[in-house]
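Please have your viewer open.

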Amino acid sequence: MSSVTVAIPTRNAGKGFEQTLDAIARQRTESELLICDSGSSDDTVKAARAYGASVIEIPPEEFSHGGTRNLLMERAAGDRVAFLTQDSVPADELWLTRLLWGF
């Protein structure tokens with residue numbers, strides 16, 4: 001299977017973000033974790049780095065839904081990119097594997 005990047009745009013994701021990060025860490029498919037944070041004032045960036053994520057930090061005024069995702073695509077090392085939102089928690093450890101089956 002080819003390499004994959006899990007990409008997440010964030011801003012002040014809050015304590016629930018660690019559930020998302022933990023669920024990604026438990027995936028059976030190895031992946032790069034890439035975060036683009038647009039000016040969080042909480043522990044979002046610290047939490048992402050604690051889970052081994054590469055973090056791109058941009059000022060809040062540079063955020064746009066499409067532009068930020070394009071930036072994540074440009075910086076992704078994987079052959080495939082799976083986008084999540086900061087509050088999306090994968091249901092189980094096979095989420096990423098199942099997502100990639102179609103490719």
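Two strands count as paired if DSSP finds at least two bridges between them, and helices (H or I, at least four residues) and strands (E, at least two) are DSSP runs numbered from the N terminus. This is a predicted model, in which local features need pLDDT of at least 70 and side-chain atom pairs count only at pLDDT 80 or more, while totals for chains, interfaces and linings use all residues. Residues are numbered from 1 along each chain as its sequence is written, and side-chain values use heavy atoms, with hydrogens and water left out.

From β1 to β2 the chain passes through helix α1 (residues 17-25), in a right-handed β-α-β crossover (with the strands pointing away from the viewer, the path from the first strand over the helix to the second runs clockwise).

Seven of the seven residues of β1 are buried, so the strand is largely enclosed by the rest of the structure; buried means under 20% relative accessible area with a 1.4 Å probe, protein chains only. Val4, Val6, Ile8 and Thr10 point one way, and Thr5, Ala7 and Pro9 the other.

The largest nonpolar core has 19 residues, of which Val6, Ile8, Phe17, Leu33, Ile35 and Leu96 touch the most other members. Such a core is a set of buried Ala, Val, Leu, Ile, Met, Phe, Trp, Tyr and Cys residues joined through side-chain atoms within 4.5 Å. Apart from it lies another core of eight residues, including Ala7 and Leu34.

Key. Buried means under 20% relative accessible area, exposed over 50%, partly exposed in between (1.4 Å probe, protein chains only).
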